[in-house]
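Q: I would like a careful look at a single part of this structure, followed by an account of how other parts of the chain are arranged.
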Amino acid sequence: MEEKSRQSMPLEGIRILEYAIYHAGPGCGAILGDLGADVIKIETGEGDPERGWKGIDGNVQFILPNDESLMFHVSNRNKRGICLDLRKENGRAAFLKLIEKTDVFLTNLRHDTKLKLGLDYRTLSRVNPRLIHANVTGYGPEGPLKNLGAYDPAGQARSGMMYASGSKEPTLMHLAVLDQATAIAASHAILTALFVRERRGIGQEVHVSLFSTALWLLHSNLTVAGVLGVDPGLPWDRTKNSPLRNCFRCKGGDWIMGVHHPEKNWWAIFCEATGLTRLLDDPRYSTPDGRQERCAELVGIFDEVFMTKTRDEWIEIFQAREMMFSPVQNIYEVLGDIQALANRYLVEAEVGGIGKVKIPGYPIHFSACSAGTRSMGPGIGEHTDGILKELGYSEAEIAAVKEEAAS
């Protein structure tokens, strides 16, 4: 984990009680844990089914040397674990005692399941009126799909995300990209509700869904389509895009991507950097409209030029001129990215059975606080004894709760 800083963490003193599975819900708890909240994860029976999620598509495996799922740890870092059976007397009593001392209850159970278990906002707010009751679902709290479950791919499909990449066929983004975005949106909702409670002294219910988050991510696309009747997610065609907003294959096979607005400020610099100053005197390409009409010609010309140097050589040339070109990196290259390391966007963590590896750090810098991963996911019920002792339970009472949860 990251070295512990002497600075305090933003959410120290805030308790999150989580009863959620897989990533979209638990990922939110992990983010709040990055910020220093005390996140307690409730599990029953065999625990969160994500513990058994071993891979996707038959070729991407998440299994650690100890046979645990790495994805479980991604979703449940920074948490303490407790086993409670909420359907039984002792487990329910312990849960309600925790609710009394909790700032946020986080769940991604379906609407009807929350009602059946008495985990809905109306029930729990009677126990703790200042409670923030945070819900993550597939499609939202209203409408015909409010009780339908969903996973990341379903949210990508219904929202239009699978066409947003510009592919002619639906393309699914891996791995749990929408789940993670939903976790971020849920953390945003919770932090906002905590702020309102500090200002007004009230608790409330907040609701985030995979569907709502996907639509939020596609805010610009949906607005352009709704207002102008234009789909900005049309298939990407390099020959129809300006060379200054395009990608090029370089010598050795690597790609480079450039994006410049407004183009008129950079056209001459681009031609000079690529050794094609002759284009500046060509009347066919002297105006933005002329260049737009002849995009295919220009892209063909620059395709040949970019193949004369490696990606790194081109990056050095463009950076010397403060041009906004970036290498198109694969995921392994990102793990060694000097900019990511310099800003601690990637940090070292100790993963059991493997040793020190790089994982994402917290993406925001605070001048007076610290944030980041402090621990990997807990074992099933790993902290049950300690959490119940904090509630004043005796050894006999703890044993009764644990026996109930195990039966």
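In which sense do E10 and strand E11 (residues 325–328) pair, and over how many bridges?

A: This is a predicted model, in which local features need pLDDT of at least 70 and side-chain atom pairs count only at pLDDT 80 or more, while totals for chains, interfaces and linings use all residues. Residues are numbered from 1 along each chain as its sequence is written, and side-chain values use heavy atoms, with hydrogens and water left out.

E10 and strand E11 pair in the antiparallel sense, over four bridges. Here a strand is a DSSP run of E with at least two residues and a helix is a run of H or I with at least four, both numbered from the N terminus, and two strands pair if DSSP finds at least two bridges between them. Within this pairing, Trp255 has Val328 of E11 as its bridge partner.

E10, which covers residues 255–259, also pairs with strand E9 (residues 245–249), again in the antiparallel sense, and five bridges join E9 and E10.

Next comes a sheet in another part of the chain. Six strands form an open sheet with parallel pairing, in the order E5-E2-E1-E6-E7-E8. Its edge strands are E5 (79–83) and E8 (204–209), each of which pairs on one side only. Neighbouring strands of this sheet are turned by 20° against each other on average, direction ignored, where axes are lines fitted to C-alpha atoms (for helices over the stretch in contact) and angles run from 0 to 180 degrees between N-to-C directions.

Within this sheet, E6 (residues 104–107) pairs with E1 (residues 15–19) in the parallel sense over four bridges, and Ile16 has Val104 of E6 as its bridge partner. Four bridges also join E6 to E7, and these two strands run parallel; here Phe105 has His133 of E7 as its bridge partner. Helix H8 (residues 177–200) lies across E6, E7 (132–137) and E8, and runs at about 165° to E8.

E6 is covered on both faces, for Val104 and Leu106 on one side and Phe105 and Thr107 on the other are all buried, where buried means under 20% relative accessible area, exposed over 50% and partly exposed in between (1.4 Å probe, protein chains only). Thr107, which lies in E6, has a relative accessible area of 0% and is therefore buried. Leaving aside residues up to four places away in sequence, Thr107 touches Tyr19, Ala20, Lys114, Ala134, Asn135 and Val136, contact being heavy atoms within 4.5 Å.

Finally, there is the chain as a whole, which has 18 helices and 13 strands. Its C-alpha trace spans about 85 × 50 × 45 Å along the principal axes, and buried residues make up 44% of its 407 residues. Of the contacts in the chain with a separation of 6 or more, 68% are between residues 24 or more positions apart.
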